[in-house]
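Here is a friendly briefing to read alongside the model. Please keep the sequence and the 3D view open as you go through the points.

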Amino acid sequence: MSRPARLATLLAVSSLSGCGTFSNLAYVGKAPPMSPITNPTAAPTWRPVSMPMPPLHEVPTAPDSLWRRGARAFFKDQRASRVGDIITITVNINDDATLKDQTTLGRTSSESLGVPNLFGLESLIPRVLGKSANPSSLVSLSGAGNSTGTGQIQRNESVALSLAGEITQVLPDGNFVVVARQEMRVNDELRVLTVSGICRPQDIASSNTIQANQLAEARISYGGRGLISGQQSPRVGQQVLDDLVPF
């Protein structure tokens, strides 16, 4: 095999490995595997959340008292309050938006320029430009333009799910950082839902649930992988051509 042929083969193999073709071939005829349950804080992409915090105040103590200032009740609260506690997050997204824009532009212009009298020098124009040159109409310009544009965007999204997560961090101001992840496999299609954000302890209901719209800095991801998702996504080579070819 010649050197150019070996180089082409190496590039082809590299591109296949980069796009995950080998990993897909390993599961031909099998369902996509689920991810193992792991510690979210041990993931390479996990980073502690840092937010602006108010100054800390020392909690006054009251000797010989059963009541502690700042406590919500005498009895233990069953709602999540510590790192590792499980909390249920309810996601209800019903987004509907329609945008329509129409623009029409038209323009017509006409300009003419002549030198009927210029200190008697207008008589020199036929000598320079020829006898057919008329000093009263030397330059005449006209133009017309017309532009019409129409655009429309219509979007309708609906997601209604509930999933259990856990508190991964308690911020200095008492707010919780919660992370929830759920995987559901139906036949050969794996659906993955991930929710993360920051919530206040008082927003957690007595049933130990919280709405996704009550999370600050919320990050909600709903997608999947499998046979259907693979067929709906264009191949890597087509995506590269779409980015490189300017027409």
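**Glu217 and the overall picture**

Glu217 counts as partly exposed because its relative accessibility is 46%, where buried means under 20% relative accessible area, exposed over 50%, and partly exposed in between (1.4 Å probe, protein chains only). This is a predicted model, in which local features need pLDDT of at least 70 and side-chain atom pairs count only at pLDDT 80 or more, while totals for chains, interfaces and linings use all residues. Residues are numbered from 1 along each chain as its sequence is written, and side-chain values use heavy atoms, with hydrogens and water left out.

**Positive phi values**

- Glu217 belongs to strand S6 (residues 216-226), and its phi is near 50°, a positive value in a residue other than glycine.
- Asn208 also has a positive phi without being glycine, with a value near 60°.
- Asn208 lies in the loop between S4 and strand S5 (209-211), and it counts as buried because its relative accessibility is 17%.
- As background, most residues other than glycine have a negative phi.

**The chain as a whole**

- The protein chain has five helices and six strands, taken from DSSP runs numbered from the N terminus (helices are H or I, at least four residues; strands are E, at least two).
- Read from the N terminus, the order of elements is α-α-β-α-β-β-β-β-β-α-α.
- Of the 247 residues in the protein chain, 17% count as buried.
- The protein chain exposes about 19300 Å², and carbon and sulfur atoms supply 56% of that area; accessible areas come from the Shrake-Rupley method with a 1.4 Å probe, and for residues only the protein chains shown count as cover.
- Among contacts (heavy atoms within 4.5 Å) with a separation of 6 or more in the protein chain, 67% join residues 24 or more positions apart.

**The nonpolar core**

- The largest nonpolar core holds 17 residues, and those with the most contacts inside it are Ile89, Val91, Val178, Val195, Cys199, Ile210 and Leu215.
- Strand S1 (86-113), strand S2 (139-170), strand S3 (176-186) and strand S4 (189-199) each contribute at least two residues to this core.
- A nonpolar core here is a set of buried Ala, Val, Leu, Ile, Met, Phe, Trp, Tyr and Cys residues joined through side-chain atoms within 4.5 Å.
- Apart from its neighbours within four places in sequence, Ile210 is in contact with Ile87, Thr88, Ile89, Thr90, Cys199, Asp203, Ile204 and Leu215.

- Gln169 sits in strand S2 and counts as buried because its relative accessibility is 17%.
- A polar atom of the Gln169 side chain lies 3.0 Å from the backbone nitrogen of Val49.
- Beyond residues up to four places away in sequence, Gln169 touches Pro48, Val49, Val83, Asn175, Phe176 and Val177.
- Arg107 is placed in strand S1 and is exposed, with a relative accessible area of 65%.
- Arg107 and Gly143 are 36 residues apart in sequence, and their C-alpha atoms are 8.1 Å apart in space.
- Not counting residues up to four places away in sequence, Arg107 touches Gly143, Ala144 and Gly145.

**Around the rings**

- The charged end of Arg191 sits over the ring of Tyr222, 5.4 Å from its centre; this term requires NZ of Lys or CZ of Arg within 6 Å of the ring centre and within 35 degrees of the ring normal.

Technical notes
Polar contact = N/O pair within 3.5 Å; in protein donor to acceptor, adjacent residues only side chain to side chain.
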